[in-house]
Amino acid sequence: MSAKPAIKVEKLVKRFGKTTVLEGIDLAVERGQVTCLIGPSGSGKSTLLRCIALLEEANEGFIEINGEPLGFASGPNGERVRLPSSETQKVRAHIGMVFQQFNLWPHMTALGNVTEALVTVRRMLRKDAEQRAMTQLSNVGLSDRAGHYPSELSGGQQQRVAIARALALDPDIMLFDEPTSSLDPELTGEVLAVMRDLAESGMTMLVVTHEIGFAASVGSKIVFLDQGKLIVEGKPEEVFGKPRHERIDQFLDTYLDRGAATLL
Amino acid sequence: MTFDLDLIVLYLPDIVRALGVTILLWLAGSALGLLVGFLIAVARRYGPRWLDWALLAPVELIRGTPFLVQIFLLYYGGPFIGLSLDSITAGLLGLTIYGAAYYSELWRSGFVAIPKGHVEAAQCVGLNRTQTLRRIILPEMTMLLLPSMVNMTILMLKETAILSIISVPELTLAVSALGTKYYAFVEGFAILALVYWALVEACSALGRYAESRLSKYRFAVS
């Protein structure tokens, strides 16, 4: 296997109207590592993740997945050339995405949610797809909830189904966009536990999170964004250990009253 | 004046025949209106900007004028532009156009009501646009729109009464004719009201049944 990073982001710029949300981000996510994106709200961390998931189209710059260009390739003079959507879809299939709002489809059971793309996109036989989906559901501890609709599941269970849905397609990179931010504190733990298992299994993960404790203990790398710029990146002990960057200090202050600082 | 119940027996055969025409036009007009309305909504949402604008005008025109006026112009004004239709065809076409305008707006509200994230989740697992529409948006929307669709379909039934002015042989025309013949309008229109009401109740009951089947995932059992 080549030494190419799983995700490579180069000079990425994203504007919404007149507001520049990402001001030229360079980032490399190594294979098998857990990279945690942290930063205050409005720092652009979710936008960066959504650009990599192709839910937003960047205005400038390039993204490579396992060395292959995503969406746009660099032309002979460095200009952006849009790639055909078939190629883009092929590259995108390496990526699994988990949302803050879970985004399960309410008219399908947990099993239906996990099976859907296997049947519709991957053209698997329903029987085989369901078998695979059941394996995924039991990996997240929910085989007994397979027949339940999302409205019958707790937030934590819904998020675990959403993780199973993404994993069923056998991605080699998983993106998480604040996966625990809409959960009660007591439900956060069960989702983080699933993510921790996934990290230990060697999955490449890019996680936007406010769970500083999780980032510090599971993250191989911490990336701190502020106002659309990458301010600091490094191992958790480098980023969180003293002496630390002044902005990180201010940022962490907001967590002191939540007790997270004791984990550092 | 007395309320003559014997007249009901007298009316019955005519009413049954006209009822068939009413039901047929109602169901066909609603089904076509639903379909055309859906196509309009999809074109407005996914088509180019100019198409959205081009379709906005006719939808607003139909919603902004009485059905009575529309059907009158279609039937009596049609021949001036070379559109000579028999009354049933004109009636069905009129109902379809009228229904399509309203149904298209209902479909549009459905598209708006689907959370963006549900569509993004579909994109992320590789569903293309058609698959997303067929597998995610449409089924989710059906559940959301069912009550208002049933409501609109009930209105469609009652609009068929207007078709009597272009002499479509439907229920209202039949009862008016009988009323004139026997000079018994009150009995006739009382029956007429009951028949429409029965049909509306049947339609609502069907809607409630469908809702109870579909809403399983909307309202948690626990």
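**Exercises on a predicted model: sheet and rings**

In strand S2 of chain A, A:Thr19 is the bridge partner of A:Phe16. The model is predicted, so local features need pLDDT of at least 70 and side-chain atom pairs pLDDT 80 or more, while totals for chains, interfaces and linings use all residues. Residues are numbered from 1 along each chain as written, chains are lettered from A and ligands numbered from 1 in written order, and side-chain values use heavy atoms, without hydrogens and water.

**Exercise 1.** Find the sense in which S1 and S2 of chain A pair.

*Solution.* Strands are DSSP E runs of at least two residues, helices H or I runs of at least four, numbered from the N terminus. Two strands pair if DSSP finds at least two bridges between them. S1 (residues 7-16) and S2 (residues 19-29) of chain A are joined by eight bridges in the antiparallel sense. Two residues separate them in a hairpin, and A:Gly17 in the turn has a positive phi of about 60°.

**Exercise 2.** Classify the ring pair B:Tyr46 and B:Phe111.

*Solution.* Rings of Phe, Tyr and Trp (its six-membered ring) pair with centres within 6.5 Å; planes under 30 degrees apart are stacked, over 60 edge-to-face, the rest tilted. The search finds seven aromatic pairs over all chains. For B:Tyr46 and B:Phe111, the centres are 5.9 Å apart and the planes at 90°, so the pair is edge-to-face. B:Tyr46 lies in helix H1 (residues 6-46) of chain B and B:Phe111 in helix H4 (residues 87-113) of chain B, 65 residues apart.
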